[in-house]
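Please find below a colleague's note on the structure shown here. It is arranged as numbered points for a reader new to such models.

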Amino acid sequence: MNHDPSGSVLVVGGGIAGMQAALDLADSGYRVHLVERTAAIGGAMAQLDKTFPTNDCAM
Amino acid sequence: MTLSEVTHVSGSLGNFQVTIRQKPRYVDMEKCIACGLCAEKCPKKVDDPFNAGMGKRKAAYIPYGQAVPLKYAIDPEHCIYLTRGKCRACEKFCPTGAVNFEDEERTVTVNVGAVIAAPGFRTFDPQGLDVYGYGSVRDVVTSLEYERLLASNGPHMGHLIRPSDHEEPRKIAWIQCVGSRNINRCDNPYCSGVCCMYAIKQALVTAEHLNGGEVEQAVFYMDVRSHGKEFERYYESAKEKGVRFIQARPHSISPGEKGKGAVLEYVTRDGRPVREDFDLVVLSVGLEAPGNAEDLARTLGIDLNESRFARTSGFSPVAATRPGIFVTGAFQSPKDIPQSVTEASTAACEAARALAAARGTQAREKTYPQERDVCGEKPVIGVFVCSCGINIANTVDVQAVADYARTLPHVAHVENNLFTCSADTQNLIARKIQELGLNRIVIAACTPRTHEPLFQDTLREAGLNPYLVEMANIRNQNAWVHQQDREKATEKAKDQVRMAVAKAALNEPLHRLKVNVIQRALVIGGGVAGMNAALALADQGYPVTLVEKSDRLGGNAWKLITNDAGEPVEPYLEALIRRVNEHPRIGVHTRTTLRSVTGSVGNFHGILEEGGAEKEIRFGVAVLATGARESEPAEYLYGQDPRVLTHQQFDTLLRERPEAAGQARSAVFIQCVGSREPERPYCSRVCCTHSVKAALRLKEANPEMDVYVLYRDMRTYGERERLYQEARRRGILFIQYGLDAKPHVEKDGADLFVTVTDPILGRPLKIPADYLVLAAAMVPHDTADLVEMFKCGTNADGFFTEAHPKLRPVDLSVDGLFVAGLCHYPKPMDESIAQAGAAASRAAVVLARDEMLLDAVKSFVTEKCDGCALCVDVCPYQAIRLDTVEETGRPTRRIVTDPALCKGCGLCAATCPKGGVMVHGFTLNQLEAQVEAALGKAV
Amino acid sequence: MSQTFEPVIIGFLCNWCAYAGGDLAGVSRLQYPPNMRPIRVMCSGMVHPDLVVNALRKGADGVLVMG
């Protein structure tokens with residue numbers, strides 16, 4: 001372990017998991033680089049119509 | 001960074017150098033206003049990957065309507081200019097000159113302390129597997145395609161039609177386990193864990209997408225795996241609503257008459273061959289690691305497991321094989337949304353833990369200009385009417401609304417925007433505020449519940465107090481719900497704008513109160529979840545008080561031999577307890593309970609009772625990890641015969657007297673004992689895998705032993721499916737039973753027998769049992785006291801209820817409270833450990849700051865208060881007390897409100913007969929002004 | 001009462017439930033008559049009786065308090 005670690009974190013993937021990880025880190029004092037392969041974040045969840053068990057809109 | 005990929009990672013934990021390649025977008029993000037002209041003019045149509053290839057988009061595109069960032073991009077693989085050197089139509093028509101064909105690939109290097117990989121999954125591709133008919137039968141679609149057919153932003157705008165003739169399908173079949181649990185055809189032996197539930201969801205919502213009339217849904221399955229929280233009820237509701245569940249695997253699919261629909265052939269459980277016609281067949285395709293998993297693993301320097309997912313341990317579920325690299329989401333193993341969101345927080349927690357020393361060194365705080373003082377100024381109102389693309393403009397005549405707004409009192413400026421929420425409109429609003437001296441802003445757009453913070457931020461950036469903005473919700477509560485009546489919708493929108501303007505004129509600058517955050521956590525429960533949460537927070541630098549009601553740490557883990565990955569629990573548990581006990585920032589209190597608690601997030605004040613003595617504690621957040629226990633079965637001769645044991649009792653026996661197991665000739669496991677019954681309608685999630693593990697252990701000790709598992713649905717989800725396959729390979733016999741024909745246990749002389757009807761033979765089997773092991777339901781401990789103290793909630797089964805089942809799976813509905821482990825829902829140890837990390841991550845978001853801002857919407861006392869104190873008793877938060885103040889020389893009674901406790905509900909304001917107490921932002925005057933404006937009286 | 005009577009209804013909607021429900025109705029595209037004028041409140045309990053009485057006195061045909 002480096003004695004003088006960097007306060008930044010790289011998150012690979014802008015789906016629901018990547019976004020949540022990035023938000024938690026940014027909200028607790030770390031700088032986050034979020035890298036997404038496609039032209040927009042959102043991932044697979046954005047493609048879903050509704051989610052169970054509440055049938056909420058996935059958007 | 002979009003359109004970007006990691007190409008190289010060097011360095012080590014704490015100090016990685018990561019090279020990122022960013023592909024050209026050919027559109028300047030700063031200039032693009034997402035007007036869509038480029039896509040409109042683009043002549044090149046491309047299969048739309050967002051709609052799973054159904055429907056088209058252009059080569060100039062946004063991935064989907066609500067994309068973030070909402071900026072167009074040009075697809076270089078299809079753009080006519082970029083492939084053939086001619087066209088540039090988009091460039092010509094772009095009103096802001098955002099199209100830039102000179103854009104080039106960029107390479108950036110960043111220095112980071114840790115990396116989190118969340119690349120997601122791909123769905124199994126059934127193309128070319130004739131057994132599924134995909135590609136050869138037109139009305140066979142994958143579940144992802146079906147999802148897009150249902151979606152309101154899908155290729156047919158949510159109107160469900162089948163591919164062959166665009167007719168509404170009336171009879172639909174789902175085929176489960178396509179690309180999962182199959183070792184013959186496609187090499188995905190694991191269970192994808194999500195398909196059963198999404199198929200049920202699709203079957204249920206299908207009815208809503210058809211224009212009335214009959215619909216028939218049939219799900220062909222192997223086992224229904226509804227092992228998540230509230231999932232079993234959802235499954236039951238589907239059965240009640242008429243969805244057919246058929247335990248069979250169609251062996252062939254052929255096109256229906258005239259190439260429409262499909263014919264399924266299958267064999268029922270009792271051996272009858274059936275041919276059945278369906279209008280549409282949906283293949284429930286499983287999840288696989290992304291196509292580039294190997295490349296990504298090589299770049300990151302981590303190992304994959306045999307299923308191509310990232311290799312992790314059950315004791316540190318998000319740590320990849322290279323220190324400092326964490327994996328989460330479906331790349332770690334196939335999982336559903338709540339689990340992905342949970343484990344995303346776990347990964348964040350692990351990264352934060354590793355870099356705790358550097359916290360705050362690189363974070364950037366946003367700064368705002370000095371707020372302009374608008375006191376004494378007359379209202380100068382700017383109104384911005386949003387078209388929301390076509391969402392509002394299709395129904396409401398936005399131009400007419402904008403024109404009308406100009407006639408309203410105090411209104412100095414009006415604009416209509418395509419997307420008022422876009423970044424460029426934010427800049428425009430800020431500019432107009434400064435140019436025209438606007439001091440109140442009205443946004444007629446969507447709902448303040450999602451977008452008010454954005455506009456408040458814009459006002460702050462323009463030097464205005466954020467509470468001077470008011471929204472008129474002309475989308476969610478107008479355009480979207482009155483689509484048939486343009487005229488009346490437009491009238492209503494005008495009224496809504498008039499109401500908002502009337503209120504805005506009375507808006508006053510409000511200020512948020514700062515309170516100190518007590519940077520200490522209370523963790524209730526000293527099991528594996530509680531200990532992990534405590535350690536994760538303590539490692540990040542926050543002091544933790546860990547409270548356990550029994551006399552030792554460890555909880556249920558003491559009774560387990562291995563986790564689901566086969567790793568021994570005891571050494572892990574002993575090391576964990578040692579670390580907790582020795583950690584300088586963790587105070588462990590066994591035989592201790594929480595007696596009372598007051599306060600709210602950031603500032604809780606509690607009384608602990610430790611061995612009869614009371615002790616005060618202050619804390620900013622609490623993690624509830626109170627656990628669960630194995631229930632005591634009330635059937636199958638439990639308690640009447642010493643050979644009838646629960647799982648935990650049997651594990652204890654195996655550990656203490658392994659020779660006993662070796663000597664037995666037969667053992668029978670009965671699943672779902674007390675679970676999935678009318679009085680306890682949930683699945684205990686852990687028992688199927690537990691039985692399989694125990695059965696395998698017996699077979700290992702004595703391969704000659706006859707081992708039977710009597711089950712209803714085997715729910716060895718995810719990689720656990722491999723254990724189930726191994727068990728069958730070793731000759732363990734699995735016999736299914738139904739709730740209407742439960743096994744019967746009896747004693748015949750000294751011997752114990754289990755009788756069960758074999759569903760394939762259709763005959764009762766009488767099995768001798770040297771041991772009968774019952775998969776007893778997991779039940780939560782009684783948490784009524786905690787619920788009462790914290791005002792949080794539990795579901796009907798007694799498990800704590802999260803703030804949102806998908807998006808906030810470890811937050812409770814009370815701010816500052818988080819949940820981990822079995823008290824949330826039964827789960828295996830790796831998931832409890834992950835959830836503990838997630839709870840710690842969410843808790844650290846609160847603890848990271850030494851002060852926090854309270855909402856400004858709070859009650860305040862006016863000079864009209866005469867101390868009658870009617871409001872004191874109605875306040876649900878005990879935020880009001882009566883005080884005596886010296887006024888003009890004599891003592892006067894007045895109420896005093898505590899903004900830290902006040903939630904702004906306004907019960908006091910509605911109770912007060914004389915306007916002596918009001919709520920900021922919702923004063924009687926403001927509400928009255930809205931009423932009058934609604935009734936047509938301009939104020 | 002004429003065939004074209006269009007009542008004006010004042011709706012006080014609690015931010016946390018009824019107003020959220022109203023938003024969800026929009027997301028779900030549930031259609032309903034456009035006669036209600038929604039007023040967002042932080043709790044239906046903050047609606048003072050005077051507001052209701054005055055709304056009716058000033059010409060509202062109905063008042064809905066939803067929470």
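The points below concern a predicted model and take up the interface of chain C and chain B, then the cavities.

1. Extent of the interface. The size of an interface is often given as the accessible area lost when the parts come together. Chain C and chain B bury about 3,400 Å² between them, and 60% of this area lies on carbon and sulfur atoms. Three residues, Arg37(C), Met46(C) and Lys58(C), supply 18% of the area that chain C buries against chain B, more than any other three residues.

2. Residues in contact. On the side of chain C, 39 residues are in contact with 37 residues of chain B.

3. Polar and charged pairs. Between chain C and chain B there are five salt bridges. Arg37(C) forms a salt bridge with Asp495(B), with the closest N and O atoms 2.7 Å apart. Across the interface, 20 residue pairs are in polar contact.

4. Make-up of the side of chain C that touches chain B. The elements of chain C that give two or more residues to this side are β1 (9–14), α1 (18–27), β2 and α2 (49–57). The largest share, seven residues, comes from α1(C). By class, this side has 25 nonpolar, eight polar and six charged residues.

5. Cavities. The model has 11 cavities of 30 Å³ or more, and the largest cavity has a volume of about 200 Å³. Of the 17 residues that line the largest cavity, Met471(B), Gln930(B), Tyr19(C), Pro38(C) and Arg40(C) are the closest to its centre. The lining of the largest cavity has nine nonpolar, four polar and four charged residues.

Notes:
Residues are numbered from 1 along each chain as its sequence is written. Chains are lettered from A and ligands numbered from 1 in the order in which they are written. This is a predicted model: local features need pLDDT of at least 70, side-chain atom pairs count only at pLDDT 80 or more; totals for chains, interfaces and linings use all residues. Side-chain values use heavy atoms; hydrogens and water are left out. On a 1 Å grid over the protein atoms alone, a cavity is a set of points where a 1.4 Å probe fits but cannot get out, and a pocket is an open set with protein on both sides within 12 Å along at least five of seven lines; lining residues have an atom within 4 Å of a point. Grid points are joined across faces, edges and corners, and a volume is the space filled by probe spheres set on the points. Ala, Val, Leu, Ile, Met, Phe, Trp, Tyr, Cys and Pro count as nonpolar, Asp, Glu, Lys and Arg as charged, and the others, Gly among them, as polar. Contact means heavy atoms within 4.5 Å. Buried area is the accessible area (1.4 Å probe) that two parts lose on being put together, summed over both. A salt bridge is a side-chain nitrogen of Lys or Arg within 4 Å of a carboxyl oxygen of Asp or Glu. A polar contact is a pair of N or O atoms within 3.5 Å; within protein, one must be able to donate a hydrogen and the other to accept it, and residues adjacent in sequence count only if both atoms are side-chain atoms. Helices (H or I, at least four residues) and strands (E, at least two) are DSSP runs, numbered from the N terminus.
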